[in-house]
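Q: I have a sequence and a model open side by side. Can we go through how to read the backbone, the sheet and the core?

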Amino acid sequence: MGHFFPISSILLSIIICFVACSQVIVLVNAQTDNITQHSLTPINYDLYHSSGTLMEEIKALVHRHLDKLTMETMQAGNKGYSAGVTVVTYCQGREETDERSKFRILLSFGQHGRELITSELALRILSILSEEQFLPNMDRASSNSMLDKLVIKVVPMENLNGRKLVEAGDLCRGVDLNRNWSVDWGKKEKDYDPYEENPGTAPFSEPETQIMRKLAISFDPHVWINVHSGMEALFMPYDHKNTTPDGLPLERMKLLLEEVNHLHCQKRCMIGSGGGSVGYLAHGTATDYMYDIARVPMAFTFEIYGDGTASSNDCFQMFNPTDLSSYNRVLNDWAAAFFTIFKLGPYQLGELPSKASFSKLDKWVSIDEYLDGYLMERRNRYGKKMEVLELGMQEIRTYFRLFLLSSVLLMFMFCSRISKSKSSRPIVSAMPL
């Protein structure tokens, strides 16, 4: 018995050491996995602007060209999380004309914070629109004549909060704003990856998507383009199913994309529906909402760059060029592609701003969405004078809901009275007594 206790103590010590070492190994593996989910290639700030610098450059650009550019930041929040989305509007002679009479184009960049090249393209397009930079062989007189017919709203960095996380080193996390829209929201395919396709807690749970929805409803664009990177492609609806729209809408979009592919992609860009082209279905995307719910006649997703040789864990190199030559090529080629859209888009729709085949009466939007869009449109036009009207419209919302509720209750009570009166009537025999 004298030797049993020391031996058991040694065995117990060995077991404890084994368990402790196992925990250390698991912790090290977890840390290693966490590191591999981050970028292996650091952001090259010799090529790319920081988020703050880029937005400051855009602000300064707007202030130098107040005759054609305006800028506003729209705010929203949900459960303690808030976000702001900056919108730059290009419109020649904006004070003399109503933008509703012009052909309207809405462009969104930087929806995914790790796709830095898209926001760089937004800055390049705005610089060309303001005539501080020029496309090769660009006819300025012809270009100004074309642009005079357009109103272009540019969202340079839709996901500013996500971009700041990227700059802090976290490139592969968070809610995917391009899965947070209402069309087929929340459906998960067999290969669903919660790190890559987190749809949020509900449709429009994220302030950024709330803002973009309000902007789309108020602006009512003829063309929507959501700009991403990860490959080179020109996508039309749909993302959540392996089909495209039928008839004339398909022909319009397809002709425009084929022309862009021929002129600027040297026919290397993939064309088709997002759901039918990339090998997987995406649910709750912005472009599907814009086409199906907001009834934008031509709704696209452009993928402007991808490095197929990059490691799947390298979340920077996969989505962004890392050398100066590739960086400039992407910006030059795609800036020219967007000006082709500006030129050909109105012709594809017959230069009719009325959107006859996509009447606003056909849009399935809630009373809240409609009123939010109405207020935003009026606020853009009349500024702070609309604050009183906004408070009034909030009261109208409340009264409208109360009216609907009381109508339902009255109808229920009325039907109940009728049912009771029928059941309480005496039964009269049809046979003579």
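Predicted model: local features only at pLDDT ≥ 70, side-chain atom pairs only at ≥ 80, totals over all residues.

Q: Which residue of strand 5 is the bridge partner of Ser108?

A: Asn226 is the partner of Ser108.

Q: How many bridges join strand 5 to strand 8?

A: There are 6, and strand 5 and strand 8 (residues 298-305) run parallel.

Q: How do I read the side chains of a strand?

A: In a regular strand, side chains alternate between the two faces of the sheet. In strand 5, Val223, Ile225 and Val227 point one way. Trp224, Asn226 and His228 point the other way.

Q: Is strand 5 enclosed or open?

A: Strand 5 is largely enclosed by the rest of the structure, because 6 of its 6 residues are buried. The cut-off for buried is under 20% relative accessible area.

Q: Now the backbone. What should I look for?

A: Look for exceptions. Most residues other than glycine have a negative phi, and most peptide bonds are trans. Asp220 is not a glycine, yet its phi is positive, about 55 degrees. Asp220 sits in the loop between helix 6 and strand 5 (223-228). Asp184 is another non-glycine with a positive phi, about 60 degrees. Its loop runs between helix 5 (160-167) and helix 6 (207-219).

Q: Is Asp220 buried or exposed?

A: Asp220 counts as buried, because its relative accessibility is 5%. Asp184 has 31%, so it counts as partly exposed.

Q: Where is the cis peptide bond?

A: It joins Pro237 and Tyr238, with omega about 10 degrees. Tyr238 lies in the loop between strand 6 (231-236) and helix 7 (247-264).

Q: And the core?

A: In soluble globular proteins, nonpolar side chains tend to be buried together. Here the largest nonpolar core has 89 residues. Leu121, Ile152, Phe300, Phe302, Trp334, Phe338 and Phe342 touch the most other members.

Q: Which helix gives the most to this core?

A: Helix 10 (residues 324-348) does, with 11 residues.

Q: What does Trp334 touch, leaving out residues up to four places away in sequence?

A: Trp334 touches Leu121, Ala233, Leu234, Cys265, Cys269, Phe302, Glu303 and Ile304. Among these contacts, Leu121 and Phe302 are also listed with Trp334 as core residues that touch the most other members.

Terms used: Residues numbered from 1 in each chain as written. Heavy atoms only, no water. Helix = DSSP H or I, 4+ residues; strand = E, 2+ residues; numbered from the N terminus. Buried < 20%, exposed > 50% of the residue type's maximum accessible area, 1.4 Å probe, protein only. Pairing = 2+ DSSP bridges. Core = buried A, V, L, I, M, F, W, Y, C linked by side-chain atoms within 4.5 Å. Contact = heavy atoms within 4.5 Å.
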